Amino acid sequence: MNAYIGTPTSRVDGRAKVTGAAKYAGEFPADGLLHGFVVEATIPCGRIARLDTSAALQVKGVLDVLTHANRPPLADKDEAWRDEVAPEGSPFRPLYDDTVKFNGQPIALVVAEDWETAKFAATLVRVEYEQRGFATDLEGERGKAAEMDKPHKPRGDAAATLAQARVRHEAEYVIPTEHHNPMELYATTAIWDSNGKLTIYDKTQGVQNVHKFLCGVFDKKPDDIRVASPYVGGAFGSGLRPQYQVVLATLGALALKRSVRVVLTRQQMYGLGYRPMTIERVGLGAKSDGTLDAVTHEAIAVTSRYEDFARNDTGWAEQLYSSPNSRFSHKLVHLDVSTPCDMRAPGAASGVCALECAMDELSVALKLDPIELRLKCYSDRDQSENLPYTSKQLRECYARGADAFGWSRRNPAPRSMRDGKELVGWGMATGVWEALQMPVAVRIVLTSNGHAEVSCAASDIGTGTYTIVAQVAADALGLPIENISVRLADSTLPQAPVEGGSWMAASSAHAVLAAAEEVRKELLRLAGKIHGSPLAGAELADTVLTDGSIARASDNRRAVSIADAMRHGGVERIEKEKLNQFGEDKKHARNTHSAVFAEVKVDELLGVIRVTRVVSAIAAGRILNTKTGRSQIMGGVVWGIGMALHEETVMDHRFGRIMNANIAEYHIPVNADVHDIDVIFVDEPDAHINALGIKGLGEIGIVGVPAAIANAVYHATGKRIRRFPITLDKVLD
Amino acid sequence: MGDLTHQIPERIPIHLVVNGVSHTLDLVPWTTLLDALRDHLALSGTKKGCDHGQCGACTVLVDGRRVNSCLTLAVMNDGAEITTVEGLAKDGTLHPLQQAFIDHDAFQCGYCTPGQICSAAGLLVEGRARDADEIRELMSGNLCRCGAYPNILAAIQQAMGQP
């Protein structure tokens with residue numbers, strides 16, 4: 001049964017990706033395809049007083065310039081614009097009216113016969129604005145922060161306990177705005193067919209989310225629009241909500257009754273979602289033995305004027321560490337910027353970074369080993385709801401990670417370890433994320449030649465969904481993986497939510513199992529009808545699909561081949577679709593955990609920081625694919641290196657404009673920045689969470705990494721840098 | 001502003017040999033080699049990630065040298081031999097680098113992969129990378145946001161015959 005689940009199976013879409021055959025949203029051809037180029041607002045707040053497109057329209061090859069003044073109809077109710085994962089508020093509507101809500105807002109779309117012409121003509125669009133007063137600086141406006149939600153109940157009297165604590169640490173950590181910067185540019189190809197129907201190839205993490213959104217925004221019937229996204233060149237949360245270019249490409253196609261492609265420039269991508277800048281204030285009060293008396297965590301985050309984007313930055317402390325007194329708060333500051341969005345481990349990447357830096361500072365104050373401190377506060381229950389976990393092998397993560405890293409050889413004194421002219425620092429941190437699961441439907445079409453097509457609307461954004469779906473289907477159907485073909489990311493396929501939150505592995509895998517059970521039921525019915533059938537009278541529960549046959553689980557020599565069962569039944573194919581829903585379990589908390597260990601080497605004279613080693617020990621239930629799973633964690637670690645040392649979107653608050661809106665000045669890790677990364681999957685059997693014991697890996701890899709690196713920098717240099725990223729100027733300062 | 005219809009330059013005939021196939025294209029001179037491949041020859045295997053020479057996704061081999069195809073105009077390459085990711089496999093057999101990328105899971109989303117592979121193919125020919133640090137350094141013009149760098153390194157080492 002388990003020939004593939006749990007093995008290091010290579011990606012089934014690997015060949016398509018290494019040969020260039022895999023097609024991404026902006027690469028689908030169409031007859032008479034037109035190209036749209038976006039004109040952006042250059043002020044952060046105000047209205048468009050005059051928009052002159054006459055010069056652009058004179059350029060040979062330009063067909064139209066769409067603006068708020070001449071566009072086709074768009075929905076006027078917020079409900080239509082509110083997608084599956086929209087926050088509270090009134091979503092942004094591109095080219096809707098003359099108001100400007102943020103710098104970089106799209107205000108016109110030039111449509112031309114080719115891309116270069118559209119790009120050139122876009123430079124000829126003249127805009128005059130009435131600018132209004134604006135604010136874009138979170139730190140300058142923090143006094144206007146408003147309490148938004150209280151995700152966790154306060155316990156005891158945290159303020160008083162903290163004030164009286166024997167050992168106390170309280171500090172602010174600042175996480176800057178960060179942009180996802182997937183390698184693929186945000187892109188949509190809207191293909192117009194002669195019946196007026198549209199096929200939309202869009203860079204999205206949720207084709208059905210985009211489909212429903214477009215049907216609402218353009219008042220179309222579900223059958224009028226199909227959205228597909230077979231390959232997605234990275235997204236990391238940026239493709240959860242429909243991006244504005246999908247509206248613009250669709251607008252262009254409807255206006256001109258032609259196929260239209262809109263690809264944003266790298267610079268324009270900075271006008272969409274991002275990880276919000278946050279000021280994270282953490283307070284920890286402890287007894288002298290290291291047990292915690294009080295935990296407080298307040299986050300102040302940026303959002304737009306029109307939507308309240310808030311994530312759980314502050315609740316993690318409560319889950320991770322036992323403390324009788326705690327208080328959490330999340331505040332938002334509304335600024336003249338676009339709405340933030342989810343970015344890898346939203347909330348946790350920032351909040352746990354602050355918490356785990358604070359824990360390190362507390363361990364220094366207590367003169368206690370950082371792991372020792374975390375074990376003192378270890379909790380086997382989620383204290384917010386006072387529930388046990390479905391499984392929690394975090395202790396094992398600390399032990400295995402420390403062992404692999406060589407933590408016991410660490411001299412705790414800062415600046416005590418050297419390698420030539422470089423100071424060496426060792427730091428560690430804990431990571432935590434949720435183990436979520438969602439309803440997903442899968443269709444399996446089994447043909448009598450022993451091949452199966454497995455289909456679902458879910459996306460594979462590089463996470464490996466194609467591969468794990470094929471693995472689970474191969475095992476559940478008892479077929480070689482080469483006989484499984486997987487179709488994903490088409491809005492006409494069985495239902496799936498957006499791919500995010502690390503929920504797709506568990507959700508899609510169990511949907512495959514559910515659909516495969518329906519197939520097995522049908523095969524049993526057919527096989528049982530054969531005269532003298534070895535399966536006559538067999539219970540479904542006593543059957544398995546194995547080796548191209550349906551067999552008794554108790555004696556798999558008593559079997560009927562799929563081909564025989566279907567031939568006798570007179571069918572060529574069995575088609576079954578099943579929606580899998582997970583039972584509600586209110587008796588357990590569901591989380592993944594990690595222990596991250598980092599080594600940095602810091603050039604004492606130049607301040608250059610290198611992350612020379614990272615060990616990430618992960619407890620995330622059963623790992624479906626140890627090869628692609630390892631890659632996901634490794635990628636998360638690389639993201640953590642970026643968050644710790646490189647990434648920062650810098651805004652000039654005098655103009656409310658991003659200054660480094662490109663991928664050279666917005667720094668992300670390059671190959672030379674990344675050295676040894678050791679990923680350890682700790683054995684974590686989980687009998688409660690779901691049948692396969694799966695938890696998901698997309699987010700947990702980044703959580704804790706920035707803190708482990710920051711703590712290592714402190715250990716190397718004796719300098720505590722609380723404003724991220726930790727650049728060399730801060731080390732030398 | 002005058003008559004802007006004259007601001008679109010005249011098309012120029014350009015000859016390119018791409019993956020061994022000869023093409024004559026009529027292109028306006030501002031067309032980059034990248035756009036010529038993607039939009040005019042339907043070779044979308046070569047990726048556009050920034051259009052500014054910052055990410056390396058558009059790397060192709062021009063007369064055997066690795067080049068950011070977004071930073072060179074098609075007209076500048078008149079007569080050149082171009083190899084793109086579509087031209088690496090021979091008769092259905094993957095190039096050793098392509099196979100090594102699959103074996104080592106050296107990609108996730110796959111968008112930077114054609115550029116990584118073409119860049120690595122150029123690197124092998126250059127013969128300058130002798131150890132892991134040199135490979136990392138000389139592959140640092142090719143960004144991978146999924147963070148597959150250690151696996152990219154391992155794949156290149158496999159193709160180089162290094163342990």
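Let me begin with the interface between the two chains of this predicted model, where the contact draws on 53 residues from chain B and 51 residues from chain A. On the chain B side, the elements that each supply at least two residues are α1 (33-40), α2 (96-103), α3 (113-126), α4 (132-138) and α5 (149-160) of chain B. If you sort that side of chain B by residue class, you find 27 nonpolar, 16 polar and 10 charged residues.

Before going further, a word on confidence, since everything I describe is computed from a prediction. The model scores ipTM 0.97 and pTM 0.98, and for chain B the mean pLDDT is 95, with 96% of its residues reaching 70 or more.

Staying with chain B for a moment, this chain has five helices and five strands, and when you read along the sequence they follow the pattern β-β-α-β-β-β-α-α-α-α. Its C-alpha atoms fill a box of roughly 65 × 35 × 25 Å along the principal axes. Buried residues make up 54% of the 163 residues in chain B, and among contacts in chain B with a separation of 6 or more, residues 24 or more positions apart account for 57%.

Now to chain A, which has 17 helices and 33 strands. The C-alpha trace of chain A spans about 80 × 75 × 50 Å along its principal axes, and for its 733 residues the compact-globule estimate of the radius of gyration is near 27 Å, in agreement with the 27 Å found for chain A. Of those 733 residues in chain A, 60% are buried, and residues 24 or more positions apart account for 82% of the contacts in chain A with a separation of 6 or more.

The domain assignment divides chain A into domain 1 (19-133 + 182-265), domain 2 (274-436 + 587-732) and domain 3 (438-580). I would like to look at domain 1 and domain 3 of chain A, whose C-alpha centres lie 39 Å apart. The contact between them takes 20 residues from domain 1 of chain A and 15 residues from domain 3 of chain A. On the domain 1 side, the elements giving two or more residues are α6 (207-217) and β12 (225-228) of chain A, and the largest share, four residues, comes from α6(A). By class, that side of domain 1 of chain A divides into eight nonpolar, 10 polar and two charged residues.

Next, a sheet in chain A. Three strands form an open sheet in the order β5-β2-β7 (chain A), with antiparallel pairing. Because β5 (99-100) and β7 (126-131) of chain A stand at the edges, each with a single partner strand, one side of each is left without a neighbour in the sheet. Strand β2 (residues 46-52) of chain A pairs with β7(A) in the antiparallel sense over six bridges, and one position to look at is A:Gly46, whose bridge partner in β7(A) is A:Gln131.

Against that, what kind of peptide bond joins A:Phe724 and A:Pro725? The bond is cis, with omega at about -5°, and A:Pro725 is found in the loop between α16 (705-717) and α17 (728-732) of chain A.

Is A:Asn181 buried or exposed? A:Asn181 counts as buried, because there are 25 C-beta neighbours inside 10 Å, where 20 or more are needed. For A:Ser502, phi is near 65°, again a positive value in a residue other than glycine. A:Ser502 has its place in the loop between β24 (484-488) and α13 (504-528) of chain A, and with 26 C-beta neighbours inside 10 Å, A:Ser502 counts as buried too.

Conventions:
Residues are numbered from 1 along each chain as its sequence is written. Chains are lettered from A and ligands numbered from 1 in the order in which they are written. This is a predicted model: local features need pLDDT of at least 70, side-chain atom pairs count only at pLDDT 80 or more; totals for chains, interfaces and linings use all residues. pLDDT is the predictor's confidence in each residue, from 0 to 100. Domain bounds come from an automatic or database domain assignment. Two residues are in contact if their C-beta atoms, placed from the backbone, lie within 7 Å. Ala, Val, Leu, Ile, Met, Phe, Trp, Tyr, Cys and Pro count as nonpolar, Asp, Glu, Lys and Arg as charged, and the others, Gly among them, as polar. Two strands pair if DSSP finds at least two bridges between them. The radius of gyration is taken over C-alpha atoms; the globule rule is 2.2 Å times the number of residues to the power 0.38. A residue is buried if 20 or more other C-beta atoms lie within 10 Å of its own, exposed if 12 or fewer, and partly exposed in between; C-beta atoms are placed from the backbone.
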